[in-house]
Every structure is written in C-alpha cells, then in structure tokens.
Amino acid sequence: MRQALNAEWTKLRTETSTLWLLLGAVIVTVALGAGVTSSIMCDARGCAGDPTELSLTGIMLGQAVIAILAVTAISSEYSTGMIRTTITLVPRRPAVPAAKAVVLVCVVAAASAIAVLGSLIAGRYILPGLADGPTLRAALGSVLYMALIALLSLGAATAVRDSATGTGIVLGLLYLFPVLIKVIKDPQWQRHLQQIAPMPAGLAIQATGNLQHLPISPWAGLGVLAAWAAAALLLGGLLLQLRDA
Amino acid sequence: MTSTMTPYRSQAGPGRDGFRQLLGAEWTKFRTVRGWWAGMACAALAVVLVGLLGTAAGSHSGSAGAGFPAGPGGEAVNDSFFFVHRTLTGNGSITVPVTSLTGVIDGQSREYSGTQPWAKAGVIMKESLSQGSPYAAVMATPGHGVRMQYDYTQDIAGIPGAVTAAAPRWLRLVRSGDTITGYDSAGGTSWTLIGTARLPGLASTVQAGLFVTSPSIIQDSNKGGGTVPAVATAHFSQPGLVGGWSQQAWTGQQLGGAGTSGSYTDNITTGQFTRSGTGFTVTGAGDIAPIVGGIAMGPGYTLENFLVGVFAGLVAMIVIATLFITGEYRRRLIHTTLTVSPRRGRVLIAKALVIGSVTFAAGLAGAAVVVLLGQPHARADGFPTFTVPPLTELRVLAGTGLLLAAAAVFALALGVILRRSAPVIAIVVAITVLPYILGTAGVLPAGPAEWLLRVTPAAGFAIQQSVPFYQQVMNIYTPPNGYYPLAPWAGLAVLCGYALLALAVAATLLRRRDA
C-alpha cells in the first residue's frame, strides 16, 4: 500500500495541471465568495442571510474545478493506457482507487483549507469569528465537502473510465438537484430531495443559524454526501475489479 | 509489331472537397459513433423524464382539470371582482361619480385601513358573466389615478391623483357598436376622453354596472416575498344611465372567487353592496388583469417549469459536443480530417453546424414532448397550468432548442481551444448552470442576481420565460419569480455571443497551432 500511495503521489505531483487546477479552485472559490459577500446588504440589524454561508458560496464553483482534478486523476490513466502498467504493479486492484483517494483527499483538503480561509477573510469575517462553533463547523465542513466531492468524482470516473462522461455525471449530479428542487411545488417532496441530493444536503454544513428550519442537520447532510461518495467509490472499485482494464 | 499498353485509369470521378462533402463527413462521424447518437437520444429523453418528474410530484387541492381563465387573446387572466350589474342592450352609456375609495389590509394580528395601489373601483361593460369574456372599464385607483382598461392587457392613464371626498372622480363609459369609449372628469362638467376600446364581435346585450376589486399587497422580503390580503370599498353616487338598460333591480355578485392574486380577509369574507340613498357602497377583492408569474400566480406550473429537464439534457449534450472534437484529438483523427480538408476554418464550421443541428432537433423534440405530456398530467393533479399565446409557446420551445444548440457549439469551440474534455465540460456547465442557480435562488439581492443573468451564458435561459410583465400588475419581477433582466431574444443573443466568440478564437488557434 505504501508503494501504491507513493506511486499515486508521484503521478499527481508530476502532472503540471494539478497545481494549476488547485490554484484555480482556490481562486474561483475566493473570488465568487468575495463577490457574493460584497453584494449583500448589511445594516445594524445584521445581514440579509447567513454571512458565513454566503462568504462560502464560492465552494459551489470551486467544486467544479476539484471535479476536473479528481476525474482526470483516473481517466487520464485510461486515455493514455497507463492503467495497465498501474494494475500490473498493484495487482490488488481496489488498492489503486484507494491510494488515489487518499492522495486526492490530502491535496484537495489542503487547497480547500486555503480557499475556505481566504473566503472567510474576504468575507470580512476575520479570525475572532472563527473561534465560535458554528463558523468553525462551516469552515471545517466545507473543507470536508470538497474532499468528498473529489472522492465522488474519483468513484464516478473509475466507474465510467472516461473523463467527459465522468465530469458530466458528477456536475449533473451536483447542479441538477437545486434546479429541480426549485420547480417542485409539493413542500414534502421538496424537503425529501433537499435531504438526499448531494449538493444541497452536503452544503447544509455551511449553515450557522436557524438550524431547526433546515431540511437536514449540518453533519447529517455531510453524511449524505459521504454516502454518495462511498457508493461511487464502491461502484468504481467493484467495476475495476471485475472488468478488463 | 508494336503493342501498346494502356496504363490503368480509374473510371471514378475526381473527389471533391466542397463544403457539402465536409458536412457529410462530419455527419457520418456523428452518426456512426453509437455512444453519441444514443447519448443524444438519452439527452432528449432526460428533458422529458426529468421534466415530468419535476412537475408530477404531489398534488394540489385545486379541482382536477381546473385552469386559469383565458382572456380574448388566449392569455391567462384573473377576472374576479364584485359586480353590481344590469343588462344593457344595444348602445348606451353609464356615468357615475366615485366619491371615496378606501380599504382594509390584513395585518399580522389585526386588520387596519389602507389600500393596494392597484385596487380598482369604477364602471365596466362586459360581454357576459363568464370569466375571461371581453370587457372595457374606467376606474379610479388609490395609487395610479384614473385608468381605462380593457381586455385584461390594455391600460390607459386618465386623471392622476387619488379619490377624496373633496376631489371625487366622475367616470363614464359609452358603448356604440363594437367600440366602448371611456371618459373621466374631476367635477362632472368638463369631460376628457381617456381612450377607445374596440371589442370586435361584442354581443349586443352586455352586463354593465359598477365594480370594486383589489389585489393582495405583495411584500418583497429577502426570502421570496409574501402576500397580504387587501379589500377595497368604494362609494358611488347615483349612476346616470342612457340607452337600452333593463328595468330590473341592480344585482350584486362576486365574479369567480378572488382569483390568484386577491384574497378576502379574516373579517371580510365576501364582497357586498349596499344602497346608500341614491348611491351605492361596494366592497370587493380580486383583480381584473392578466396573470403574471411568481408570487402573483400562486400554485401552478408555467411553461418553463415543464422544461426543467432541459438542464439534464444540457449537461448530456455538452458532454457529447465536447467529445465530438476532443475525441478527434485523442484518436488522432484530427490529422486525417485536416489533411482531407486543409481549410481548417471550414472544418470547424461544418462541425458546429452538425452538432448544432442535432442538439437543436433533439432539444426541440424533447421540449415539445414534455410540454405535451406534462400539462394534462399536471392539470389532472389539480395544478393549473399557465397558458400562453401560441406564438409565445413556439418561441419558448424553439428557443429551448436554440439554447441547447448554442451551448453545444460553445462546448465544441472550447474543445478546440483546450483539447481536453474534463475542463471544457466543467467550464461550460459551471458558467451556464451555476449563475442560473445563484441568480434564481433568491440568495443574492436583485441587483447582483440580475447582473449574473445578464452577463453570463445563463442569460440564454431568458428565451424560456413565458410569464409576461405588465406595469399595471403589482408583482416582484425578479429572477426568483421567473423574470429575467434581458428580453428573451436578447438573453439568447448573449449565450450565442459566447459561442461565436469561442468559435472565432477556436478558428484562429486551429489555423495557427499544429494539430
């Protein structure tokens, strides 16, 4: 396993696009967050909406960049034929996505931590606020959210073996539900969808107030996203084991 | 003896590299990759299935099959007011002074006096008592002076200012054949013509008289907004009647409930009229106006609601359009393509035409089917569906096809620029769908939300807006309520602009770079 981890780390490290994608994820996350917070009106009574959540809006865009990184981490092996070398060296195939997952989570979490910190600072929500529980939960949760998005993307791309289809599936899964939820008129159905859809449920972790009115509690919501990621990884690992590469 | 050997010459005609051949080649490439055309079929299917799923959930207490009343132009209308009427046969006129217009608003805990700026009290001539029938009316309003309105969508301003005891408003309607003319006067002596309504084929006998109605007050809050019931009461002095009026007594009745945008309050649960001396006091709620989208529409589905599946189709089509070019780079087919057709810009145009036409056809088919299947289904579940004139429906459906085609061409062009699938798909999906989500979610204030839907490719979704804007109907005309900042075709032009710009850059790079 250590060799597998080392190999995956080398692959990711030596790919020039990795650094650019991570940098891009940080930049778009902070930029969108700053843009949103600067547009929100605040007065003496407070702000319209949840300031922590709003300053972390950029995660919605940053996740698309993370999805590119995670999808190409596996699909580029298929497009270049590298996968045959990889699984010759690591005959216990599920160890391949597992090693990739560990490396990706570390890298993505590091970049996301910078992005989240940058967003909160840009949102004029400087350090004193970080000490209080809900903001800390939102910040930490957003980092975990990004890591889980990377795992979801990795699992989906391992299952479909193609970067285009993989990216399409992941972004469709993330962005379609919020649009669908808006159209549905039945409040009960709306609530159920908000509880099971990966992005709306996962982003519940960013809420810092009015928790009892949320369709799903913050950690449970992140749990839902974790379940999606686990299912995708499981499916990807299983297919990798069963199919010819 | 000499024998001559004739060298072999092919009988086949010379090959041609015309644009038609190029188009044919690109079409063959698309057609023969099973995953692509099957994917395109799935995209069209996703438009239908996701659309049906989104609009099939749950049911509404409304009676099955009930829809909004439709006005003479086919548009959905509210036609709800308290009507004190007699019949008028042939030509004739009615003249009446409105001496006061007040109202009651339902507060959080108590009712207080006040009026909705577009409450209406005045005289009306209407073909029949059925909702949606043609009419013309002159009315006083609390916030917008005297107005002449007819056939729901037409609105002409008269004398400005509110009605007070010191400044009553005299209103007059004169029917002559198919035309009804409205006048107003501040003192009852000098009259001003406001406007003339032509109501073609108006029945010879009409219902005419006094009416009062008031829409609910719409409050704009950060979380979408809410409605507050409002009821209006007006005093009329004795009406002056000329022409073929029936001799029966005045009859009072509420026409068609309170509609989608009106509501009686807890204490005033119905409209009524009382005679005060020779005059009348009339109380009513509702509205006579076109139905607009969002909060003023109440529960119900607009045309664009059925097209929610377009987002699913969009993602699938972006994937296919991207693969249509990145696949060539990956399989090195691009070398063959460019060898066969050295004029590289034309290759790009042929590709764009093929993928654009295919996505347009698939998108149009999916959109037409989901609307055809979804509307009866929603009505059976008790949800009214917002009907629009046929031309608007055509624009929305064809526009949906064009929207998908433009997004596909955008992805294709970016594919030439970046040559890699994942970033292209992520960029196109993220900058098309995410601004839509952020802009319509109601999280952002109206200004930035509208800015997003003006400058990003998400502006293209404006082509799907079927709900109309009327300055004389109070509503929150913002993106969360279904109103885009740009006109439908202007919005689509923004998306097309992105696609064309990307195509231009792609053509330059394709010529300049090695393949």
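Trainee: What is Val47(B) in contact with, leaving aside its neighbours within four places in sequence?
Mentor: Val47(B) is in contact with Gly309(B), Val310(B), Ala312(B), Gly313(B), Gly363(B), Gly366(B), Ala367(B) and Val370(B). Two residues are in contact if their C-beta atoms, placed from the backbone, lie within 7 Å. This is a predicted model, in which local features need pLDDT of at least 70 and side-chain atom pairs count only at pLDDT 80 or more, whereas totals for chains, interfaces and linings use all residues. Residues are numbered from 1 along each chain as its sequence is written, and chains are lettered from A and ligands numbered from 1 in the order in which they are written.

Trainee: Why does Val47(B) count as buried?
Mentor: A residue is buried if 20 or more other C-beta atoms lie within 10 Å of its own, exposed if 12 or fewer, and partly exposed in between, with C-beta atoms placed from the backbone. Val47(B) has 32 C-beta neighbours inside 10 Å, and therefore counts as buried. Val47(B) lies in helix H2 (residues 34-56) of chain B; helices are DSSP runs of H or I with at least four residues, strands are runs of E with at least two, and both are numbered from the N terminus.

Trainee: Which elements give two or more residues to the side of chain B that touches chain A?
Mentor: The contact takes 37 residues from chain B and 34 residues from chain A. On the side of chain B, the elements are H2, helix H4 (310-330), helix H8 (421-440) and helix H9 (446-455). H8(B) gives the most, with eleven residues.

Trainee: What makes chain A as compact as a globular protein of its length?
Mentor: Chain A has eleven helices and two strands. Its radius of gyration is 19 Å, close to the 18 Å that the globule rule gives for 245 residues, so chain A is as compact as a globular protein of that length. The radius is taken over C-alpha atoms, and the rule is 2.2 Å times the number of residues to the power 0.38. Of the 245 residues of chain A, 51% count as buried.

Trainee: Which residues does Ala150(A) touch, not counting residues up to four places away in sequence?
Mentor: Ala150(A) touches Ile66(A), Leu69(A), Ala70(A), Leu104(A), Val105(A) and Val108(A).
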